[in-house]
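Welcome! Take a look at the sequence and the 3D view below, then try the exercises that follow.

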Amino acid sequence: MKGRAIGSRQVADLEQQVLELFRDAGWSVEPDGDADLVVRRPKYTYVIQIKSASESRADRLVPLLAQAILEARVAARERGRKAIPLAIVVARRLAPRTLDQLSEFARVHAPDVAFGAVDSHGLRYFSGAGLESLNARPDAVIFRQLSVDPKVDLFSDLNQWLIKVLLAPYLNDRKLLNAPIGAYQNATQLASAAGVSVMTAFRFMRELTAEGLLHEAAAPIRLVRVEELLRRWQAAAVRPVSEINARWILPGDKSLRLRGAIRGQGSRACLALFAAAEALGLGFVHGALSHIYVSDLGATDLRKMGLLRAERGQPFDVVLRTPSTRETVFRGAVEINGLYSCDVLQVWLDVANHPSRGAEQAQLIYRRVLKPMIERARDAAQ
């Protein structure tokens, strides 16, 4: 098609999909000398100009949209009053923020021209009379809903879990994090793999894109500026937690007692902080108190864990805490010889601000695990 601005085989395939999209929806489709396509139904005739780009930045796409609008107007005028101009933008990936900018540009500057957007991640967005059926795909509906959503917390509980899912492929040892490993072409695939709603995944991706932390032109989904993301994540992770001090009822081997205490709670309890680092083979601070995450302190039966609550002033052996982000903690927890432990990313977040040599423990994890992870993610994004 003659509307291409920056060519690629993938973009050409998308342009062909536009033709097939109208044909499959029952429109008669024909090429035209002045336009890319003319599509007809009994009540509507659309004269289409398509502009496409292999890059997906708004500053590249908005001028292409403006050109498509002008050319579609001219071509429609040649066909008489019943012909409606339709400007379509095609790209490898249209992030929610970019789609919003394109849609707003069309609405403000060309209210007489219908607007369409198509990308390789399943987005099919059309605004114009009689075009509603083309927006039947769930992804397109969600993208439109997102345009009116308020700003979301990038580091909410489930969003932290999604960050772990996107970072999991770049860890040098997959035993350090319990998360799916995959290449996700769009938010729907990411949501399915991570076990979250599609809306949650779209909002998460929208926020990453707005913050410049997602590779807009890449497929599959890839993070960029991972080092900055980790720095911000660490700062956001400083949140209050509920905790109590406890002591063992009976003396015995520490590791066996910890194993018994956690096993009794199923998958909603795990080693935390320095005890978790040691279980992962990354221990640095020896002899520190053992920390255990439990899902709900109020509902936890300490006696079943072999523990008694330590009153003020009494010595204690274990600190039980309820995480402020339960989902990311327990979903990412790894099983090591039958014992659940926080994943390496969670340990790094939790120990960084601990007053008892936490910064040194965090630095060891960063040097041995996170720095290589960052380098792998950077290579993948290039």
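**Exercise 1: a helix and its surroundings**

Task: list the buried residues of helix H5, where buried means under 20% relative accessible area with a 1.4 Å probe, protein chains only.

Solution. The buried residues of H5 are Asn-159, Gln-160, Trp-161, Leu-162, Ile-163, Lys-164, Val-165, Leu-166 and Leu-167. Nine of the 11 residues in H5 (residues 157-167) are thus buried, so the rest of the structure largely encloses this helix. Next, look at what covers them: the list includes H6 (187-194), H7 (198-210), H8, H11 (326-332), H12 (344-351) and H13. Helices here are DSSP runs (H or I) of at least four residues, numbered from the N terminus.

A note on the model: it is predicted, so local features need pLDDT of at least 70 and side-chain atom pairs pLDDT 80 or more, while totals for chains, interfaces and linings use all residues. Residues are numbered from 1 along each chain as its sequence is written, and side-chain values use heavy atoms, without hydrogens and water.

**Exercise 2: two helices meeting**

Task: describe how H8 and H13 meet.

Solution. Start with the axes, lines fitted to C-alpha atoms over the stretch in contact: those of H8 (residues 226-236) and H13 (residues 358-381) come within 9 Å and cross at roughly 135 degrees. Then name the residues: Val-226, Glu-227 and Leu-230 of H8 meet a group in H13 including Tyr-366, Leu-370 and Met-373, with contact meaning heavy atoms within 4.5 Å.

**Exercise 3: the core**

Task: which residues touch the most other members of the largest nonpolar core?

Solution. Among its 83 residues, they are Leu-320 and Met-373. Such a core is a set of buried Ala, Val, Leu, Ile, Met, Phe, Trp, Tyr and Cys residues joined through side-chain atoms within 4.5 Å. H13 gives this core its largest share, nine residues.

Notes
Axes fitted to C-alpha atoms, helices over the stretch in contact; angles between N-to-C directions. Buried < 20%, exposed > 50% of the residue type's maximum accessible area, 1.4 Å probe, protein only.
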